[in-house]
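Hi,

Here is the structure I promised to pass on. Please open it alongside the notes below.

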Amino acid sequence: MVTTTQLSGRASLVFVLVLLLVAGETFITRSSAFTRAPALLSLAVLFDLTILSSALFYWLLARPNNWSLVRTGLVALLMLRVGLFILPANTLLITVNGSVLLALAEIGALILAATRIRTIRLTYLKLRPTTTTDSALQQAFAVVFGQQAANLILGEWQIVRYVVSGWCLQSDVPEGATPLTTHRNSGQIALTIALGSVCMVELVCIHLLVSRWSSDVAFWLTLASAYSMLMLVADIVATLKRPSYQTATTLYLRFGIRWQTVIPHDQISRIERIHDKPTRRSGLLNTAFLTVPNVLITLHKPITVQGPFGIRREATQLSIWLDGGTTALI
């Protein structure tokens, strides 16, 4: 592992070298020689920008710091996009657009996962007896892809899991623990379905309107809206199949695919019933979704609450909805 000073120096060197490489390749694409063999030279430009830049990043930064190969892959995709940008507009390779680059990124991730599947599997099996399925998967993916990429992969996996097979899953509340539901008396499920229905109508209308102006923009808006719909479905299933629960010593809070945290009982300072959404303030996190919270938990010291795709919040107070209110808690 290099020192901070060495890392700064190497990063500056990589930046300067890549900048010079981009300038040189830009000069080539504007030269008269390029017009005589545009297809061949286009491939050469893309090769230089993608492979050489990635190699510089890997050998000077990623390898000495033991960074995940995902970072090098992202650099390669970025430089590929830069190469496509500087190529003349009449070059056929310019048809490689953002969706193709996204597909290449996903294919690269799948290939890397396939080559390291044994490492992922062994890490997961080692961690699973002492932690939850999601936590074990996250840490197993982090060994190969790095922590940030693992958070994104886990978020995607949760959505796919609960949408595709979530309805068949059994509740994962451990034996002897007391489940704490949030949907039976709050109307959360019905409100979420209503929200999804409204979003579906808006999705169709927006697609028809925007497609008159730009089919590409309409496609990406539709894709984003469809993804949001899948998140709503996954959240409903996770709320039903993966409720919060408590043991004699610990409170496990899980709210769909949105928030989750573990609170030892001895860290809880006060539990009180509330009837309105508390005023927004530092250290307060409202986890109630489409409903007014009815319980406010105050802690002795801040805890970390995990959200989707690696989002984290520090909180000393949590406002939540629980069926049964404060009487449901020990």
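Helix H6 (residues 117–127) and helix H7 (residues 133–145) have axes that come within 8 Å and cross at roughly 145°. Bear in mind that this is a predicted model. The crossing of H6 past H7 is right-handed.

Which residues of H6 meet H7? They are Thr 119, Ile 120, Thr 123, Tyr 124 and Leu 127. On the H7 side, the partners include Thr 133, Ala 136, Leu 137, Ala 140 and Phe 141. Val 143, Val 144 and Phe 145 are also among them.

The axes of H9 (residues 188–213) and H10 (residues 215–241) come within 8 Å and cross at roughly 170°. An angle over 145 degrees counts as roughly antiparallel, and H9 and H10 are therefore roughly antiparallel to each other. Their contact divides into 16 nonpolar residues, nine polar and one charged.

Next, the aromatics. How many aromatic pairs does a search of the whole structure find? It finds two.

- Tyr 58 and Trp 59: the ring centres are 5.2 Å apart and the planes lie at 80°, so this pair is edge-to-face. Tyr 58 is partly exposed, at 26% relative accessibility. Trp 59 is exposed, at 51%.
- Tyr 245 and Tyr 252: the ring centres are 4.5 Å apart and the planes lie at 15°, so this pair is stacked. Tyr 245 is buried, with a relative accessible area of 8%. Tyr 252 is partly exposed, at 24%.

Best wishes

How values were computed: Residues are numbered from 1 along each chain as its sequence is written. This is a predicted model: local features need pLDDT of at least 70, side-chain atom pairs count only at pLDDT 80 or more; totals for chains, interfaces and linings use all residues. Side-chain values use heavy atoms; hydrogens and water are left out. Axes are lines fitted to C-alpha atoms, for helices over the stretch in contact, and angles run from 0 to 180 degrees between N-to-C directions. Helices (H or I, at least four residues) and strands (E, at least two) are DSSP runs, numbered from the N terminus. Angles under 35 degrees count as roughly parallel, over 145 as roughly antiparallel, 65 to 115 as roughly perpendicular and the rest as oblique. Ala, Val, Leu, Ile, Met, Phe, Trp, Tyr, Cys and Pro count as nonpolar, Asp, Glu, Lys and Arg as charged, and the others, Gly among them, as polar. A crossing is left-handed if the near helix is turned anticlockwise from the far one by less than a right angle, and right-handed if clockwise. Contact means heavy atoms within 4.5 Å. Rings of Phe, Tyr and Trp (its six-membered ring) pair if their centres lie within 6.5 Å; planes under 30 degrees apart count as stacked, over 60 as edge-to-face and the rest as tilted. Buried means under 20% relative accessible area, exposed over 50%, partly exposed in between (1.4 Å probe, protein chains only).
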